[in-house]
Every structure is written in C-alpha cells, then in structure tokens.
Amino acid sequence: MGSPMFPRESGQFIAEQSRDVFVEQEGVQNVAEMLYNLRHSDDLTASGWKKANPLAPAPTSDQALNWVFVVDTMNFSFWPETDIQQCEVTYKGTTYTGYMTLCAAITRALEEGVPITDPKYFSRMSMEELAHVLRSDNETPMPMLQERHQVLTEGGRVLLEHGGSFRSFISQAGNDARKMVELIVEKIPSYRDEATYEGKRISFYKRAQILVADFWGVMEARGEGDIIDMDWLTMFADYRVPQALVYLGALRYSDALMQALKNGELLSSGDRREVEIRGCSIWSVELIKDGLCKLVQERDGQTCNVNSAIIDFYLWPYAKKHHKEMAHIPIHHTRCIYY
C-alpha cells in the first residue's frame, strides 16, 4: 500500500471522510480568538516547555535530553480502569497521577542513584528493575508495564547503535524537525503510530512528534532552538486534547459516539472511530493555527510564529486544569503503546 500519509495530510483526509467526529468551524474560530488573546504570554512559546515539564532535569545538561527520550518512549496509556484505582507517585511532597507519575518516577529514580537515563543501563534493565523505578504509592501499578519494558529496552539498544545518546542519535537528522520524525519512526518500531482508514495508510506519530517537540523545548531553553520545519509538526493526537477540543466547540462527536464513550466502550487501536477522533483533532488544530496566524497578521501586521506543537503544549495542561468542567465529555479509552 506504500508509505503512509504524514500526520497533517492524514488529519485532513480523515476529517473529510469522517462519520462520527466533525470539525466545527465556529468553534475553531473561537479557539483561535482565545489563543490570540494569549499571544504575548509565555503559554504560547517554547519556553512554556519547562513550565509544562517541571520534573525534567535542568535543560543545560545532556541528561535532560536522555530523560526526554526515556519519558517519551514510555509516554502512553496512563488512564485508570476506574477513578478510585489510579496509579500515584509522590515526589518532593507532591502526589502525581497520569503522565506526571512517569516523570516523577524517572526523576525519583535518578535521585536514588539509578542510572535510568543511561542507554547502557536502560537497554538491558530487567522487568523487575523497571517495575521498581515505576512503582506506585498505592496498590495500583502503572498500566502496561511489560510493554513499557519492551519499548524502553528496544529504544536503548537503538541509541547504543547510534552513538550512545539521544543527542548523537537525533543529530543524524540535522536540525530538521521533519527529518527527525522520519528518523525516529524508521529506526524505532514502537514509534510507528500508523493505521488504515478508508483503504489508505495514515499516520499520527504522536510520540515521535512529541519527542521532537520536547527536544526543541530543551534546546530552546538553552538558547539553541534553531530547529527548522517545526511548523511541519501537528498536535499530538492523544485522549486528553480531543476532550478539550470538544469542550471548546472545535470538535463535535455524533450522538452514537458520545453514547458509546459514556457507556465506557473501549475502542481498539485502529478502530474507525478512534482514528476519526485522532485525525479530526489534528485537522482542527491545524485550522486553529491558521485562524490564529490570520488574526495576528490582520490585526498586528506581524508574522505568526505559533506552531501546532505550541498549541498542544497549551491545550494539554488546559485540559488537565479544567478537568472538572469537562467531566461531562468522556475521553476515549484505547490501550496501546502509541498514546
């Protein structure tokens, strides 16, 4: 069937064919207006990265880059089976849930002297060692431990074959965001986030793109963020940002889909509805970005330097912050290694 379409083209194709998820132009425009009013804040710059990643090591160290690789390689499927049964990690007096449990666990391990960011170690670590690193404060373990062990050791072996660090591995792509994503997806199987939709191969590359965006965030914090083609990246199609897009009116679910999600139906990876949620999320953020840039140009006479990754960096914490107001909108549940 040939190579899959890239995420942006995939998003547009899916949005044009979608039967259960719809991009709402009025909502798109409203979100663009909301972001326009935030354009001078730190929330819409790459420097917001450290704010979004408070548990990362200081960006000045190369350890920060390996930390980003370890975290993004295992950055998937944190939702609990039930709300009363959530994995928790307490670090420096703060108790974290969801994705932040992973960040807290990795940083805790470093403080305990575990060389968890060294590919020589994590490429060969045992399942028991990883289980100890990711241990929960309560009876509920982090989901998918076996899969996390598999993808982390696999990723570590790839880094060892390419210079022994994430920095040396990613430098093969030069300073080009698109080439970085292509390199990651080509060399590391667990990052191949692809599906088939209406007879065409499509891709989302959520973790590969977030890995590049996080790399950019670290380099930007060092004053070395001159990576070209960042605008090629799309939003990172997960289960949290689509909920925010529905809440903000930029996406709409059919009654049938909304009911299925409220009933707690699990969607398998590659299910048509799951693909539509992720693809339409990508396309709606592309349209939000275009709308925002148009406003900046028309009203301020300036070039817009906000890309989709920055919009995602804003929407994800927004969803976490407003989760109570959004509780009536169900997130979709898919257990997989891609998000």
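I started with Phe-166 and Phe-169, which both sit in helix 9 (residues 166–170), three residues apart, about one turn of the helix. The model is predicted. I looked up 11 aromatic pairs in the structure.

Are Phe-166 and Phe-169 buried or exposed? Phe-166 is buried, at a relative accessible area of 0%, and Phe-169 is buried, also with 0%. I then listed the aromatic cluster that holds them: Phe-69, Phe-122, Phe-166, Phe-169 and Phe-215.

Next, the core. The largest nonpolar core has 120 residues, and Ile-106 and Ile-116 have the most contacts inside it. Helix 14 (residues 272–300) gives the largest share of this core, 10 residues. Leaving out residues up to four places away in sequence, I noted that Ile-106 touches Trp-67, Val-70, Val-71, Met-74, Ile-116, Val-133 and Leu-134.

Last, helix 1 (residues 7–17). Helix 1 packs with helix 14 at an angle of about 110°, the axes 7 Å apart, so I recorded helix 1 as roughly perpendicular to helix 14. Among the residues in contact are Gly-11 and Ile-14 of helix 1 and Gly-279 and Trp-283 of helix 14. By class, this contact of helix 1 with helix 14 has seven nonpolar, three polar and four charged residues. The buried residues of helix 1 are Pro-7, Ser-10, Gly-11, Phe-13 and Ile-14. These buried residues pack against strand 4 (194–197), strand 5 (200–203), helix 11 (206–221) and helix 14.

Note on methods
Residues are numbered from 1 along each chain as its sequence is written. This is a predicted model: local features need pLDDT of at least 70, side-chain atom pairs count only at pLDDT 80 or more; totals for chains, interfaces and linings use all residues. Side-chain values use heavy atoms; hydrogens and water are left out. A nonpolar core is a set of buried Ala, Val, Leu, Ile, Met, Phe, Trp, Tyr and Cys residues joined through side-chain atoms within 4.5 Å. Buried means under 20% relative accessible area, exposed over 50%, partly exposed in between (1.4 Å probe, protein chains only). Helices (H or I, at least four residues) and strands (E, at least two) are DSSP runs, numbered from the N terminus. Contact means heavy atoms within 4.5 Å. Axes are lines fitted to C-alpha atoms, for helices over the stretch in contact, and angles run from 0 to 180 degrees between N-to-C directions. Angles under 35 degrees count as roughly parallel, over 145 as roughly antiparallel, 65 to 115 as roughly perpendicular and the rest as oblique. Ala, Val, Leu, Ile, Met, Phe, Trp, Tyr, Cys and Pro count as nonpolar, Asp, Glu, Lys and Arg as charged, and the others, Gly among them, as polar. Rings of Phe, Tyr and Trp (its six-membered ring) pair if their centres lie within 6.5 Å; planes under 30 degrees apart count as stacked, over 60 as edge-to-face and the rest as tilted.
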